[in-house]
Amino acid sequence: MKKILLSSIIVIIGVTFIGRLSYLQLFSFSPNQILEDPAIKAVYDYPERGYVYDRDGELLVGNQPAYDVMVIPRETKTIDTVEFCNLLRIDKKEFIKKMKRAKRYSTRLPSVLVPQLAKEDYARLQEKMRKYRGFYIQKRSLRDYMTNSAANVLGYISEVNESDLRANPYYRAGELKGRTGIEKQYEELLRGRKGVKYIQKDRFNRDIGPYKNGKLDTLPKLGKELHITLDKTLQEYGERLMVGKRGGIVAIEPATGEILTMISGPTYDPALLVGRERSRNYTKLHYDSIARPTWDRSILAEPSPGSPFKTLNALAALQEGVIDADTKFRCYNGFYVGKTKRGCHCGGGSRDLNSGIFNSCNAYFAGTFRKIYGKYKTTDEGMDAWERHMESFGLGNYLGTDMPTGRPGRIPDKAYYDRAYGDNRWASSFIISNAIGQGEVAATPIQLANMTAAIANRGHFYTPHIIKQIDGKASIDSRYTERHQTTIDKKHFEPVVEAMANVYRYGTAKWLKIPDIEIAGKTGTVENFTRIDGERIQLTDHSIFVAFAPVDNPKIALAVYIEHGYYGARYAGHIASLLIEKYLKGEITRTDLEKKMLEKTLEHEYAKPLSGEPFSINEYNW
Amino acid sequence: MLRRLDWLTVFLYLLLVFFGWINIYSTTLTEASTSIFDFSTLYGKQLFFIGASFVLIIIVLSLETSFFERFSSVFYIVSVVSLAGLFVFGKTIAGATSWYDLGFFNLQPSEFAKLATALAVAKYLSDIQTDIRKPKHQLYAILIILIPVLLILPQPDPGSALIYFSLFFVLLREGLPLKYLGFALLLVLLFITTLKFGVVWVCIGLGILTSLFFFFKREKFKIPRIPLVLFLIACLSISLSVNFVFNNVFEQRHRDRFGLWLSLEKDPVKLEKIKKTIGYNTYQSEKAIESGGFFGKGFLEGTRTKGDFVPAQHTDYIFSSVGEEWGFIGTSFIIIIFTIFFLRLVHIAERQKRDFSRMYGYGMIAILVIHYFVNVGMVIGLLPTIGIPLPFFSYGGSGLLFFTAMLFVFLRFDANRLKEL
């Protein structure tokens with residue numbers, strides 16, 4: 001025992017040490033150590049963010065240099081504070097406060113003293129900079145917008161936050177990342193890839209040379225140039241027309257699914273979210289919970305589609321073979337569901353497909369809708385068949401556009417009504433409102449535009465998308481070049497398109513004709529409700545309009561949705577007509593119409609439910 | 001005589017010195033360095049000390065073995081006097097009055113006193129009249145060890161004082177009852193557990209252990225009740241006094257080190273602060289070792305070593321750069337080399353025919369082992385921070401010369417073992 005005591009202790013010590021070392025070096029070891037190593041500093045070289053052009057190659061978004069004045073507090077010497085403050089355009093108190101903050105952060109590491117100097121200030125400062133030791137100017141690149149429109153499409157960039165850092169190891173604190181719109185969707189293309197230099201540091205954080213002689217360093221990869229499908233002129237024009245109105249507009253080129261314009265009203269100048277005032281402006285926009293300028297109505301608003309939806313019901317009924325173009329229904333200035341009468345504005349009388357559409361007869365479509373169900377033994381089966389047709393037009397589900405947001409809209413199915421009313425405790429009378437696009441159906445403006453494009457194409461569509469070219473090459477995701485066929489045969493489209501053309505010729509939009517251009521369209525006037533103090537109150541109808549033109553070779557299909565704009569032929573119809581003319585002709589011939597739209601606002605309408613006083617809706621005069 | 005030198009030990013010694021120097025080179029290399037013989041650099045200086053060690057080896061080997069035995073009492077007395085003299089003439093470096101300023105270099109008598117005490121213990125125990133089983137002789141032997149300790153502690157240099165306790169292994173080997181070791185271990189255990197878990201849990205633990213003991217062992221052994229009760233009371237009073245000792249006898253820096261080691265601090269904010277202040281060395285050294293992984297970053301590729309992140313990385317913390325640059329392969333290799341080296345030395349000690357040689361051998365081995373244990377244990381975060389070097393490895397001339405002398409005195413005895421019968 002005595003003889004082996006020391007030997008045993010030596011062996012036990014050895015085993016313990018090797019155990020501890022294997023814990024440290026084998027189990028706690030993390031292979032991703034180059035970034036965690038305090039002895040290695042990664043210095044990044046940021047490539048310029050990619051430019052964005054519109055469909056005609058006009059620059060929409062470029063970059064502008066910005067100059068941050070940086071300070072390393074430890075290296076500063078006594079300076080002429082008054083002169084320096086004058087150059088920086090800040091007062092002395094602020095300067096002292098900022099210096100204190102920089103010191104608190106670190107005396108050795110650089111902090112931003114004054115962010116984003118204006119160009120002229122930079123020029124004046126640059127000359128005198130050598131006098132101020134410890135201060136230097138760091139160039140940064142900011143977005144520079146060549147248009148004051150399309151903020152909702154272009155999106156904005158901002159510094160990454162904690163959760164971005166956790167989610168994606170590419171980003172380091174202080175870097176920028178796309179937040180909305182194409183900046184978010186095409187973030188990786190636009191930002192490129194930063195280059196990195198690894199530098200060996202000592203424990204005082206001083207550089208002592210490149211790490212491994214720069215073997216692991218990489219060069220930056222430039223961001224890609226994007227061409228998007230927007231038409232800058234049309235977008236800007238549309239946004240001018242939308243001033244004072246709330247709503248969404250989407251125009252699509254039917255042959256390709258390219259989004260020509262995508263407008264949300266009210267909107268804001270994208271340049272507001274760049275530069276020194278960014279954070280103040282963002283807060284202002286973000287907390288405007290009444291007008292909600294940051295809420296992209298063109299893709300997020302989900303109103304009931306109203307009468308434009310009737311065209312789809314007509315197509316479904318034709319496809320199901322329950323009507324033909326000559327099938328007639330009688331309109332009694334309305335129609336009966338059981339014993340209750342529901343109204344109609346069409347003027348009454350006997351209606352066929354053509355006059356049913358161009359006069360927007362509710363009774364005609366109630367009849368048509370009933371016939372679709374009547375074909376099947378049970379409402380459930382009829383419902384399934386109807387739903388399949390509607391969904392083939394891209395309704396009731398996310399469209400799959402390349403915008404980073406979206407809403408599915410709603411095509412109610414059996415399960416939906418079972419949830420709402422209880423299992424099988426509902427009947428076809430509960431769902432008759434869907435016949436005229438009221439009730440439970442809901443669609444976003446972009447879905448309506450896409451549906452219109454499908455009608456314009458007589459039966460197919462391409463998923464709407466915003467990307468046109470990447471670095472000058474038209475190689476975009478195959479999702480956007482793939483043709484989606486609807487369930488409706490081509491031959492059934494002709495009578496419906498003809499009827500939609502008649503909407504302009506003699507129907508609800510006859511005052512909105514454009515000389516020399518044949519347009520097909522459909523108005524929609526959508527009842528809607530809100531709650532004020534818990535009470536359900538009806539508000540002025542939404543004005544909706546869908547149209548495509550020219551009828552025979554459609555170049556543009558669009559949907560316009562104006563909140564509380566009353567008749568479809570008023571705001572929505574006017575704006576649609578002007579946009580079509582602008583796009584197809586490049587100029588507006590009906591200047592009176594244009595003037596009216598530019599001047600009129602709906603602010604008084606939007607103020608009503610907030611006024612706290614009783615108000616009237618759907619006023620005749622406008 | 002050279003033929004009878006234990007060449008395996010010499011080989012292992014050279015291996016350790018070589019690897020030590022390799023790591024000193026890596027930790028002290030700067031961009032400006034050119035030749036390895038540049039004596040303005042630390043690795044150049046160490047190379048010089050290695051050369052000096054070789055000269056010292058020749059001197060030691062050429063001396064008569066009887067020289068050391070005969071003069072051991074003189075060495076001891078000189079050491080004790082020089083340690084005592086520090087109180088008057090000592091020079092204070094880094095808070096410890098442990099040096100004599102000899103002009104061209106600083107002499108630390110406690111280093112030399114280790115060798116002298118080891119010799120003195122061997123000399124006393126090997127005396128034909130000494131019987132370690134007698135309490136009186138035990139007391140004398142313990143006094144020989146404790147006198148230098150009592151002189152060193154107030155310097156204050158607890159690290160060096162700790163080394164002397166290793167000489168108790170010599171006493172244990174030579175017949176001091178093992179229960180002394182048992183009591184010592186119990187004391188340490190009680191101290192640590194009380195600090196970590198508190199008096200109440202220690203009492204509960206003792207109670208459970210006692211009842212378990214009675215439950216299983218009553219049939220086989222006759223346990224006298226009264227001594228057991230006294231023993232328990234003693235344990236409890238020790239446990240109760242731990243906090244008093246910890247708070248009143250210890251200094252704040254010792255409390256901090258223990259606190260860190262036993263992770264007494266639970267508050268994450270304070271813990272983070274401790275990591276950056278008193279725990280900085282340990283934290284950096286653990287991180288450096290950890291970052292080496294299995295294969296290490298490669299010779300001269302240790303980023304933390306290059307950045308000088310671990311303080312004292314060429315002296316006390318040299319093992320951390322082994323961990324970073326050579327990885328688990330390197331560290332386990334060094335541990336294995338040390339283990340074989342020590343086991344070989346124990347083997348040699350056991351084969352000595354003369355009691356004095358064996359006892360000295362044991363003393364020397366114990367001193368080496370405790371250096372190695374405390375140093376590596378500290379660097380890898382198993383033990384609280386106690387600043388003592390790693391034998392043969394750490395940078396430092398007097399350390400290397402002293403360890404080399406101690407070792408080769410022993411090898412000199414061994415080479416002579418057949419003659420002296």
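Reply: Start with Cys346(A). Cys346(A) is buried, at a relative accessible area of 12%. Buried here means under 20% relative accessible area, exposed means over 50%, and partly exposed is in between (1.4 Å probe, protein chains only). Keep in mind that this is a predicted model: local features need pLDDT of at least 70, side-chain atom pairs count only at pLDDT 80 or more, and totals for chains, interfaces and linings use all residues. Residues are numbered from 1 along each chain as its sequence is written, chains are lettered from A and ligands numbered from 1 in the order in which they are written, and side-chain values use heavy atoms, with hydrogens and water left out.

Now look for a partner. The closest cysteine sulfur to that of Cys346(A) belongs to Cys344(A), 3.4 Å away, so the two are too far apart for a bond. A disulfide needs a pair of cysteine sulfur atoms within 2.5 Å. Over all chains, the structure holds zero disulfides. Chain B also has a buried cysteine: Cys235(B) has a relative accessible area of 2%.

Step back to chain A. Of its 622 residues, 53% count as buried. Chain A has 22 helices and 22 strands. These are DSSP runs, numbered from the N terminus: helices are H or I with at least four residues, strands are E with at least two. Take the contacts in chain A with a separation of 6 or more: residues 24 or more positions apart account for 71% of them. A contact means heavy atoms within 4.5 Å.

Next, the meeting of the chains. In chain A, 35 residues are in contact with 46 residues of chain B. Between them the chains bury about 3,500 Å², with 73% of it on carbon and sulfur atoms. That buried area is the accessible area (1.4 Å probe) that two parts lose on being put together, summed over both. The rule finds one salt bridge across this interface. Its side chains are those of Arg20(A) and Glu286(B), at 3.2 Å from N to O. A salt bridge puts a side-chain nitrogen of Lys or Arg within 4 Å of a carboxyl oxygen of Asp or Glu.

On the chain A side, helix H1 (2-27), helix H2 (33-36) and strand S8 (195-201) each supply at least two of the residues that touch chain B. H1(A) gives the most, with 19 residues. The residues of this side divide into 18 nonpolar, eight polar and nine charged. Nonpolar covers Ala, Val, Leu, Ile, Met, Phe, Trp, Tyr, Cys and Pro; charged covers Asp, Glu, Lys and Arg; the others, Gly among them, are polar.

Now the backbone. The peptide bond from Ala549(A) to Pro550(A) is cis, with omega near -15°. Pro550(A) sits in the loop between strand S21 (535-549) and strand S22 (556-562). Chain B has a cis bond too, joining Gln155(B) and Pro156(B), with omega about -10°. Pro156(B) lies between helix H5 (135-152) and helix H6 (158-165) of chain B, in a loop.

Asn333(A) is not a glycine, yet its phi is positive, about 50°. Its place is the loop between strand S13 (329-331) and strand S14 (334-337) of chain A. Asn333(A) is partly exposed, at 43% relative accessible area.

Finish at Gly612(A). This residue lies in the segment after helix H22 (603-611) of chain A. Gly612(A) is exposed, with a relative accessible area of 71%. Gly612(A) and Asp533(A) are 79 residues apart in sequence but 9.7 Å apart in space, C-alpha to C-alpha.
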